[in-house]
Amino acid sequence: MFDCGFVGTLEPMKSSTRLVVLAPLALSALAVPAFLSPPRVAPQAAVPEAKEGPLEEAMQALQAGVKGLDKALEKKEVDKALGLVVGMQKAAHEAKLGTPEKAGEITDEKEKAKFLTGYRLKLIELERGLLDVEVALVEGKVDEAKKALEAKVKPVKKAGHDVYKDGK
Ligand code: HEM
């Protein structure tokens, strides 16, 4: 290993004295590399990447809701359909409080306010349509629920997207 010459000078010491002198040295020898090594950092927690904002998430929920509702109504599964339509109402409510990306392209303040009011009203229209689906289901009228979905929910999607969704 290495020649630690000065230890030879400790020879004449009593063994207990030698222990007192050498123990801190031995400990510091252990401590030095630890001190020189880079600080230990706790492993990074896996942070989920926010791929989408709340508006996109709400829209995805609406999309899944329409798909599920179509199937549930076809099979006359009223309870399932009720759960789905209530979930869609929640999503429509979230979307209503969001801001479409397209609004960022409008610089004129008055124009922007008009755009955002129209957006909100269109989502309120969607909420009303979804409430109509719910009313029909609560009354056990599956055919009425289908009609409301076709006439008051699905067309509102296209109308909303034509005006408020970015073409990108
Ligand atoms: C049943 C009705 C609707 C369905 C199923 C639906 C579905 C969707 C889907 C799948 C997207 C793409 C989401 C993504 O990028 O991940 C989307 C985006 C969008 N939708 Fe809808 N939508 C509906 C109604 C509406 C209505 C009524 C409006 C407007 C009043 C609207 C405005 C938008 C906007 C603005 C975006 C782009 C998101 C953004 O700008 O940040 N949607 N929608």
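Tutor: Axes here are lines fitted to C-alpha atoms, for helices over the stretch in contact, and angles run from 0 to 180 degrees between N-to-C directions. Helices are DSSP runs (H or I, at least four residues), numbered from the N terminus. Residues are numbered from 1 along each chain as its sequence is written. The model is predicted: local features need pLDDT of at least 70 and side-chain atom pairs count only at pLDDT 80 or more, while totals for chains, interfaces and linings use all residues.

Consider helix 2 (residues 54-74) and helix 3 (residues 78-96), whose axes come within 8 Å and cross at roughly 160 degrees. The two are therefore roughly antiparallel, the term for angles over 145 degrees. The crossing of helix 2 past helix 3 is left-handed, that is, the near helix is turned anticlockwise from the far one by less than a right angle. Contacts require C-beta atoms, placed from the backbone, within 7 Å. On the helix 2 side they include Leu55, Met59, Leu62, Gly65 and Leu69, and on the helix 3 side Ala81, Leu84, Val85, Met88 and Ala92. By class, this contact has 16 nonpolar, 3 polar and 2 charged residues; Ala, Val, Leu, Ile, Met, Phe, Trp, Tyr, Cys and Pro count as nonpolar, Asp, Glu, Lys and Arg as charged, and the others, Gly among them, as polar.

Helix 4 (109-138) and helix 5 (142-164) pack at an angle of about 165 degrees, with axes 8 Å apart. That makes helix 4 roughly antiparallel to helix 5. Helix 4 likewise passes helix 5 in a left-handed crossing. Among the residues that meet are Tyr119, Lys122, Leu126 and Val133 of helix 4, and Ala148, Lys152, Val156 and Gly160 of helix 5. This contact has 14 nonpolar, 3 polar and 5 charged residues.

The ligand is surrounded by 23 residues, the closest being Met59, Pro100, Lys122, Lys157 and Gly160; a residue is near if its C-beta atom, placed from the backbone, lies within 6 Å. Helix 2, helix 4 and helix 5 each give two or more residues to this shell, and helix 2 supplies the largest share, 7 residues. The shell has 11 nonpolar, 4 polar and 8 charged residues.

As to confidence, the protein averages a pLDDT (the predictor's confidence in each residue, from 0 to 100) of 84, and 69% of the residues score at least 70. Over residues 1-10 pLDDT stays under 50. Where pLDDT is low, the predicted coordinates should not be read in detail.

How values were computed:
Parallel < 35°, antiparallel > 145°, perpendicular 65-115°, else oblique. Contact = placed C-beta atoms within 7 Å.
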